[in-house]
Amino acid sequence: MENMQAVNSFVAAYLKKKGFKEAEQLLEDLHSKDSAAPIDFHNDPDLAKFIHHFSQSEDEVARYQDGYSKLRSWTYSSLDLYKHELLRVLYPVFIHSFMDLVAKGHLQEARTFFNAFHEDHQLMHSRDLQKLEGVLSQSHLEEMEFARSLRQNKVNVKICQYSYDLLLQYLHKTQSSAMLGVINEHINFQVTSGQPGSISDDIEVVTLIGSCQDAANQINQKEIHWGLLEDSLEERSEKEGGLLSDSEKTEGENKEGDAEESKKRSAEGGKQGSSTKKLKKDKAVNATAKSTRLEAKTTSSAPRVKPELTLPIMSTEVEQSILEDLRNRVQLSSIALPSVSFYTFLNTHNGLNCSSISHDGSLVAGGFSDSSLKVWDTAKLGQQTGGVKSIRNPTLQGENDSTSSEHVVGPNGVKRSYTLFQGHSGPVYSATFSPLGDFILSSSADTTIRLWSTKLNANLVCYKGHNYPVWDVQFSPVGHYFASASHDRTARIWAMDRIQPLRVMAGHLSDVDCVQWHANCNYIATGSSDRTVRLWDVQSGECVRIFIGHRSMILSLAMSPDGRYMASGDEDGTIMTWDLSSGRCVTPLMGHTSCVWTLAFSCEGTLLASGSADCTVKLWDVTTSTKAPRNEEKSGNPNRLRSLKTLPTKSTPVYSLQFSRRNLLFAAGVLSKKV
């Protein structure tokens, strides 16, 4: 009897210490009812199970804490050759150990565990940790979508055979059952032969947590046709031999100049040195022309496909105008970088949400938080009072500025240097010009998309279909059709003459933040807050590719002109280039220190331009990465896609980029006043 009283007092003290008030009250009620009858500890299985559970709880917590601490110490003390591969295992083990402790009711111990070790993973997984920090109870594991997806799916970790063997030997030697259980249940190892990969490949080897890799692999087996449209204007111009660079156009003149120089050298021996320099310079120009010709042929070598959509008919006058631009296109390469025209918004009072530039750079639009859309004509910006502003860095004045001599009079008699479009009832989050610049689309928090005429300066149509804010809208390369992305986790395809969407693309697990058309108009790509990019078939509405690898939400997308590659930029400043046919990442591109808000390929696809919140525009050599040799791919060389040039602004985050048909790069952003 005395032994039973000691057990009861021990249980009551334990329950009181842990704060289990309901269990403590039930135990007291049990004692008050059965005080006359002695409790048989050995013959009462429920009570025995109850006491056994709490006696083991402290050991269970210790197994997780000690097991992870020892695994962490062993990993950091491993050989440098294998350390970076073994470190990949720590993060999934950490988060699942934390969630296991929460799931088993050890909330305080789970919080202590999280605070003790989360700084190890802060650099690479800060956004995931911010979400997990909000898990404060068992119910949160079920209610929070991010935590639930983590619990339901395995993490894929790429590791070499020797590193894998070292890890298994350690787990068996230490008999760390808690860590072995976590690894067995939540990690799927992709073991490779040969030497460990490079540290620079770490961004590729741990795939997006919460995504079902098996389902993605199955979807990525579907066939896609990434080629260009038959009988396109570009193809027609190439057949005519119209795509000539400036250096090619003067190639014949250079040859004649070479002959004249050689004659002069024979007659004037004293000028031989300078003539030789001139000859070398001309040869370098010719070499550049040949290299750009080879790069330009990548577009023509792309396969041709038939359109799945009924394409709009283009007038002869417009065709001739576009062909003229194509004939005068400047061929870009790693040694022939584009000219850049940057438009800076002033006095926006933190109200500018988005900007867009027409294909010829003649119009610039801005979407504002006050639900307005404003369009500037760049030809009129050069007609400022005094005529001293440079078109290379024009400024777009806000409401309170009236320095332009070309004005539109507002309702209050205030002169404006822009055209004001009003109709939305919420902030405007995206704007896009039609290929010819005669229409502009805008999307808003009011769940609608509006079509405006830049010639009539009027709203033509209001498209309703989304149930939540529309984050992005993009015209197709041929016009008439457009795609939208929304907070309702869907993307939709529309036609200008239909008020209802033609297709609804559903499948993302979170907001669809950006959308981009493929060059042949048969596919659209969508980037989401679930950290995946998906490629959709326009005709069937099915998802045909899932691209997994980003560690944060995707904010920008761009398609290469030949339709084979795609670039995506995320919130952490990482850009990834993808091969559409295989669904694999060609290479991650590191350089920006903040969100990548906009991406654009040059017209022949040799350069990629990126604009970021870090106030820079970067130019990247695409051909270096896509033509990387096999041995270089195996070695994990981080310079496969190298940065050619960084163009910093004074204090202007880059909102949008646009290559004209003649390969002039336009950019736009808003001047931010730093305190």
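Figure 1. Leaving aside residues up to four places away in sequence, Lys-464 touches Thr-448, Trp-494, Ile-499 and Gln-500. The view also takes in Thr-447, which is 17 residues apart from Lys-464 in sequence, while the C-alpha atoms of the two residues are 7.0 Å apart in space.

**Figure 2. Tyr-68, a buried residue in a helix.** Tyr-68 has its place in helix H3, which covers residues 45–76. With a relative accessible area of 0%, Tyr-68 is buried, since that word applies to values under 20%. When residues up to four places away in sequence are not counted, Tyr-68 touches Leu-90, Val-93, Phe-94, Phe-113, Phe-117, His-121 and Met-179. Ser-97 can be found 29 residues apart from Tyr-68 in sequence, and the distance between them in space, from C-alpha to C-alpha, is 8.2 Å.

**Figure 3. Helix H4 packed with helix H5.** Two packed helices are described by the angle between their axes and the distance between the axes. For H4 and helix H5 (residues 107–117), the angle is about 165° and the axes are 8 Å apart. The two helices are therefore roughly antiparallel to each other, because an angle over 145 degrees is counted in that way. The crossing in which H4 passes H5 is left-handed. On the side of H4, the residues that take part are Phe-94, Ser-97, Phe-98, Leu-101 and Val-102, and they meet Leu-107, Glu-109, Ala-110, Arg-111, Phe-113, Phe-114 and Phe-117 in H5. Sorted by class, this contact of H4 with H5 has 9 nonpolar, 1 polar and 2 charged residues.

**Figure 4. Helix H4 crossing helix H9.** Helix H4 (residues 80–103) also meets helix H9 (residues 161–174), where the two axes come within 10 Å and cross at roughly 60°. That angle makes H4 oblique to H9, and the crossing of the two helices is right-handed. Tyr-82, Glu-85, Leu-86 and Val-89 belong to H4, and in H9 they meet Tyr-162, Ser-163, Leu-166 and Leu-167. By class, the contact of H4 with H9 has 6 nonpolar residues, along with 1 polar and 1 charged residue.

Figure 5. Where pLDDT is low, the predicted coordinates should not be read in detail. Taken over the chain, the average pLDDT is 77, and 73% of the residues score at least 70. The chain has 20 helices and 34 strands, and buried residues make up 51% of its 675 residues. Among the contacts in the chain with a separation of 6 or more, 58% are between residues 24 or more positions apart.

Note on methods: Residues numbered from 1 in each chain as written. Predicted model: local features only at pLDDT ≥ 70, side-chain atom pairs only at ≥ 80, totals over all residues. Heavy atoms only, no water. pLDDT = per-residue confidence, 0-100. Axes fitted to C-alpha atoms, helices over the stretch in contact; angles between N-to-C directions. Helix = DSSP H or I, 4+ residues; strand = E, 2+ residues; numbered from the N terminus. Parallel < 35°, antiparallel > 145°, perpendicular 65-115°, else oblique. Left-handed = near helix turned anticlockwise from the far one by under 90°. Contact = heavy atoms within 4.5 Å. Nonpolar A, V, L, I, M, F, W, Y, C, P; charged D, E, K, R; others polar. Buried < 20%, exposed > 50% of the residue type's maximum accessible area, 1.4 Å probe, protein only.
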